[in-house]
Amino acid sequence: MPNRINSLSSLLRLLISRYDLSRKHLFIMLFFPIILAIASSYLITGYLVGKKAREVGEFNLERLESLLSQSKDIGQYALTLNEGDCGHLNEYMRFKPYYRGVLLFNDKRFYCSSTNGVIDLPLNSLLPEPSLKTFAYHIVPETPARLGVPAIIVIFNNSHGAGGAIVVIEGQYLIDSFIQPEVFPRPVRHVVLGLGGATLPTVPHFSDGKVVAVHADNSELVMLLEISQAFFWHFFWIYFGLLLPVLLIFAWLLGLHILRKNGRSSLADDIKSGIENQEFFLVYQPVVSSEDGKAKGVEALVRWQHPQMGLVRPDLFIPIAEESQLIVPLTNYIFERALADFRQLQLTSEFRIGFNVAPEHFIQSDIEAKFRYLRDAFAEIGVQPLIEITERQLLTADMCERITALRELGILVAIDDFGTGQTTLSLLQTFTLDYLKIDKCFIDTIGRDAVTSHVLDTIIELCHKMNYVAVAEGVETQEQADYLISRDVHFLQGYLYAKPMKLNELELWLKEHN
Ligand SMILES: Nc1nc2c(ncn2[C@@H]2O[C@H](COP(=O)(O)O[C@H]3[C@@H](O)[C@H](n4cnc5c(=O)[nH]c(N)nc54)O[C@@H]3COP(=O)(O)O)[C@@H](O)[C@H]2O)c(=O)[nH]1
């Protein structure tokens, strides 16, 4: 687990070190969804709230038109009355909430009001006189029946052409009912009704909200509705709250996908140029004999001194090299590098050097020639190469054949991390090998876990029965070493003896310990 955390933080450092890339992706992953959520919530809310305001406008205009058509009945009734019947009008107009009243006029004066009874007002006190000659409706700033109160008036004329009736619809009451105060948040803040240049209310008032205009289908009536800011923001935050998490998740998935793709492909490019620029070097971890405690060989482990990122761990770049078909050139480089390193050492006895070799290597057509060359080149300096194949990687029948051919050439073969893969036993049946490296996870059970240490004992027994040389990996304590020695494990490797070290340190270590 700590290894994984380290790898993850290396990977993060690696990506962050590519400054342009991380800034670009940070924008996509964080600011872009926020900006997009704000913009789309604003547009969606604007559209829906505008639609709602238009619906309110259309509904109210329909109501108004129905009021205007109902006033026909009132007008017709009023026209049937004689001048002396003024009292009947008051009775008739009771319980008609939207109507302020009815005024009757002759060719000279207004003579009757449903609210005030008999009146005597000049004809032009309401509208210019000629307007009273035809059927029409108007918005007036005040009605003579109720001074200072705007209204809609509907004019009906007598059939003989002189005089008629005016039905007065209450203006303020109507406007107040348009706003629908019972709804929270109220969609519309202010409503203005317009007709032929006059408005209701007489002086239109708007705040700073958006104004929507709705025209009546069958008349010149126009309704202007100012959308309430509270209504707009109420729905804006609802849409923003819904959209933001969705867009964030989408952007993070997209961003991580691009980041991973770019990070991996640019890292693969870096590995390629790293091989050309010789940025990779080797460290060596001694493998000691359980008989005399002396090092009989080493495992070569690659390290990468990246020009910008510093030292990069192999468990980070090896999988990428494997994915991007760079593991073969990298391993070839490692062989040459080890050869060059060991030419500088004065080894007194025969020595073995283990290389981690990926399965891809065994499908190369020139593999036998390559290993014949390596065998001979290493033999000249008293070193015998050993290939470590991890059993977690899938080996095909073809690969197994090639490995057998390499053994016949005198190349030693070890199964690495034994016990951690799934193909272990079938692999042992498929071909013969020389070493079996028991994975650290089994060594860790010594003195800790009685059940799993039985598994370790069984693996050791298997090695003995099949005549494999057993190597224990990751030996960290003397207790582990004593246990393994007592069970005749042939070789031990781990921090108890030495950590992987550079060539010059290895030279000193060998002088001191061998
Ligand atoms: N194909 C190649 N793979 C390689 C090469 N070099 C390394 N690797 C693989 O990378 C993985 C990580 O390796 P590394 O960080 O070098 O770790 C090795 C040892 O340092 C570590 N180890 C050894 N002893 C101990 C110990 O006592 N305690 C402890 N905590 N760790 C220890 O184990 C790693 C060696 O593992 P293995 O190869 O399985 O023996 C790793 O998978 C390497 O295989 C390369 O050149 N090519």
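Here is a short tour, starting at the ligand and moving out to the backbone.

First, some housekeeping: this is a predicted model, so local features need pLDDT of at least 70 and side-chain atom pairs count only at pLDDT 80 or more, while totals for chains, interfaces and linings use all residues. Numbering runs from 1 along each chain as its sequence is written, and side-chain values use heavy atoms, with hydrogens and water left out.

**Stop 1: polar contacts.** Now look for pairs of N or O atoms within 3.5 Å. The side chain of E476 puts an N or O atom 2.6 Å from a ligand nitrogen. V302 uses its backbone instead, with an N or O atom 3.0 Å from a nitrogen of the ligand. Over at D416, a side-chain N or O atom is 3.3 Å from a ligand oxygen. The ligand has 820 Å² of accessible area on its own, and the protein covers 80% of that (Shrake-Rupley, 1.4 Å probe).

**Stop 2: what builds the shell.** Switch to cartoon; helices (H or I, at least four residues) and strands (E, at least two) are DSSP runs numbered from the N terminus.

**Stop 3: the disulfide.** Search for cysteine sulfur pairs within 2.5 Å and one disulfide turns up in the whole structure. C86 is joined to C112, S to S 1.9 Å. This pair links distant parts of the chain, 26 residues apart: C86 is in helix α3 (residues 86-93) and C112 in strand β2 (residues 109-113). Check the torsion about the S-S bond: at 95°, the link of C86 and C112 is right-handed.

**Stop 4: two backbone spots.** Pick L200 and P201, whose peptide bond is cis, with omega near 0°. P201 lies in the loop between β8 (198-200) and β9 (211-215). Finish at Q278, in the loop between α5 (229-276) and β11 (280-289). Its phi is near 55°, a positive value in a residue other than glycine.

Conventions. A polar contact is a pair of N or O atoms within 3.5 Å; within protein, one must be able to donate a hydrogen and the other to accept it, and residues adjacent in sequence count only if both atoms are side-chain atoms.
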